Amino acid sequence: MGRIVFGGTAALLICIFLSPKFIEFLRKREFGQHIREDGPEGHRQKAGTPTMGGLIIFLAVAIAFLILTEFEWRSMGVFVVAIACAALGFADDYIKLSRRRSLGLRARTKLGVTIAISLGLWAAARYGANLAPTLELNFVDYHIDLGPLYPLLIYLVLAGTTSAVNLTDGLDGLAAGCAGIVLLAYVGITFLTSQYDLAMLAGCLVGACVGFLWFNAFPATIFMGDTGSLGLGGAIAGLAVMTKTEVLLILLGGIFVIEALSVAIQVISFQTTRRRVFLMAPIHHHFELRGWSETKIILRFWIVASICGAIGFTIYRQSRGL
């Protein structure tokens, strides 16, 4: 427990102390956020806010984790996957900033890199951590042997989670806060099952999210960018794979599922009926256009994320008889 608390605290303090200089550096380089023209009108004033804050998040995590880790396969697999996803996000952010537009890497490039990262996570889980190629149904204490389809499951978990966290990153502090809540649930899950190195990594990620929120909370002075959202999504996906909670992640990360579903529903509805279900998707923009303040949306989404995380953690604990 001491290592977990120390790692989380170290990551938090590193984030808090390094962020001001990093924000100043980004401002001098004019690495500011480009706002989509079809986004909410109120977001235009956020144009130019420094982005790529995910670099600070994962620098803090890397320093704390690499000093304290015991280099176990499960924790190292999750760490490498998170860094790889953050690197993919950084490339996307850098292209957007250098070309001064809201579009980054090509979809085919993102797909290919995501597949490669998924295969790396599969190899670490299957041959490094010696995990069985099964899908665990924690709700009913049953598992399905996937055999050769196991890599496909890992790809779907990684691609789905990174995309969902990225979609949630649309309001100040929303993605960082929700990710921190989900990761806190994984601290509990890994600690209960005596996966202490993995719990320490999750603790470092929670600490970094909280430290980043010091500057990312409304009104934000820095955004995490795709560097942060894809990296955090990769970390959560990796934790789900290494703890065999791929199905339970649907509940643990319920707020991310809601955000992703709102986009899917909006697209399907518009393509089939030419009508929109929401005023704008993802769903947090719908509430913005209905007149909710940004702070109210963020706090209520954090509450929903906390409820989902608590229920998911309770189900996992009961399914393991802990």
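Predicted model: local features only at pLDDT ≥ 70, side-chain atom pairs only at ≥ 80, totals over all residues.

Numbering starts from 1 along each chain as its sequence is written, and side-chain values use heavy atoms, with hydrogens and water left out.

Fold. The protein chain has twelve helices and two strands (DSSP runs, H or I of at least four residues for helices, E of at least two for strands, numbered from the N terminus). From the N terminus, the order is α-α-α-α-β-β-α-α-α-α-α-α-α-α. The radius of gyration is 19 Å, close to the 20 Å from the globule rule for 322 residues, so the chain is as compact as a globular protein of that length. That radius is over C-alpha atoms; the rule is 2.2 Å times the number of residues to the power 0.38.

Core. Buried residues, 53% of the 322, have under 20% relative accessible area (1.4 Å probe, protein chains only). The largest nonpolar core holds 94 residues: buried Ala, Val, Leu, Ile, Met, Phe, Trp, Tyr and Cys joined through side-chain atoms within 4.5 Å. Tyr186, Leu232, Met242 and Phe256 touch the most other members. Helix α7, residues 196–216, gives the largest share, 13 residues.

What does Leu232 touch, beyond residues up to four places away in sequence? Ile57, Phe58, Ala179, Leu183, Leu205, Cys209 and Met224. Contact here means heavy atoms within 4.5 Å.

Technical notes:
Buried < 20%, exposed > 50% of the residue type's maximum accessible area, 1.4 Å probe, protein only.
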